[in-house]
Amino acid sequence: MLCGNCAAFDMTQEMQECIAKGIGDETDAWATIDAGSLGYCKFLKFKCAAKRTCDAWVEGGPIKD
């Protein structure tokens, strides 16, 4: 029941570009995204790392290109 395999976890290129924009230029956004395998939870509306767990988990993910 990891975020990284949840049907609500969006890891598309478009979403990762949005996350990178939100992180900004002060750090290496793509290194941060890669290190945490970041994505966006469409249920709870926040960015999260793929290895986190959640009670709202639904089988069948993540959402990818």
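This is a predicted model: local features need pLDDT of at least 70, side-chain atom pairs count only at pLDDT 80 or more; totals for chains, interfaces and linings use all residues.
At 45% relative accessibility, F43 falls between the 20% and 50% cut-offs, so it counts as partly exposed.

In β3, F46 stands opposite C41, and K47 is the bridge partner of Y40. Strand β2 covers residues 38–41, and four bridges tie it to β3, with the two strands running antiparallel. In general, strands of a sheet pair up through backbone hydrogen bonds, in either a parallel or an antiparallel way.

Zooming out, the sheet is an open one of three strands, in the order β1-β2-β3, and its pairing is antiparallel. The edges are taken by β1 (9–10) and β3 (46–49); each has a single partner strand, so one side of each has no neighbour in the sheet. Helix α1 lies across β1, β2 and β3, and it runs at about 100° to β2.

A closer look at α1 picks out Q16, which belongs to this helix of residues 13–23. With a relative accessibility of 13%, Q16 is under the 20% limit, and therefore counts as buried. Leaving aside residues up to four places away in sequence, Q16 touches M11, W30, I33 and L38. One of these contacts, L38, falls within the span of β2, residues 38–41.

Back at the turn from β2 to β3, the hairpin has four residues between its strands, and K45 takes a positive phi there, near 65°. K45 has this positive value although it is not a glycine. K45 belongs to the loop between β2 and β3 and is exposed, with a relative accessible area of 57%. A second case turns up at S37, again a residue other than glycine, where phi is positive and near 45°. S37 lies in the loop between α2 (29–36) and β2. With a relative accessible area of 32%, S37 is partly exposed.

Side chains of opposite charge can pair when their charged atoms come close. The count of salt bridges comes to one. K42 makes a salt bridge with D10, and the closest N and O atoms are 3.6 Å apart. The pair links distant parts of the chain, as K42 is in the loop between β2 and β3 while D10 is in strand β1, 32 residues apart.

The peptide bond that runs from G61 to P62 is cis, its omega being near 0°. P62 itself is placed in the segment after β3.

Note on methods
Residues are numbered from 1 along each chain as its sequence is written. Side-chain values use heavy atoms; hydrogens and water are left out. Buried means under 20% relative accessible area, exposed over 50%, partly exposed in between (1.4 Å probe, protein chains only). Contact means heavy atoms within 4.5 Å. Two strands pair if DSSP finds at least two bridges between them. Axes are lines fitted to C-alpha atoms, for helices over the stretch in contact, and angles run from 0 to 180 degrees between N-to-C directions. A salt bridge is a side-chain nitrogen of Lys or Arg within 4 Å of a carboxyl oxygen of Asp or Glu.
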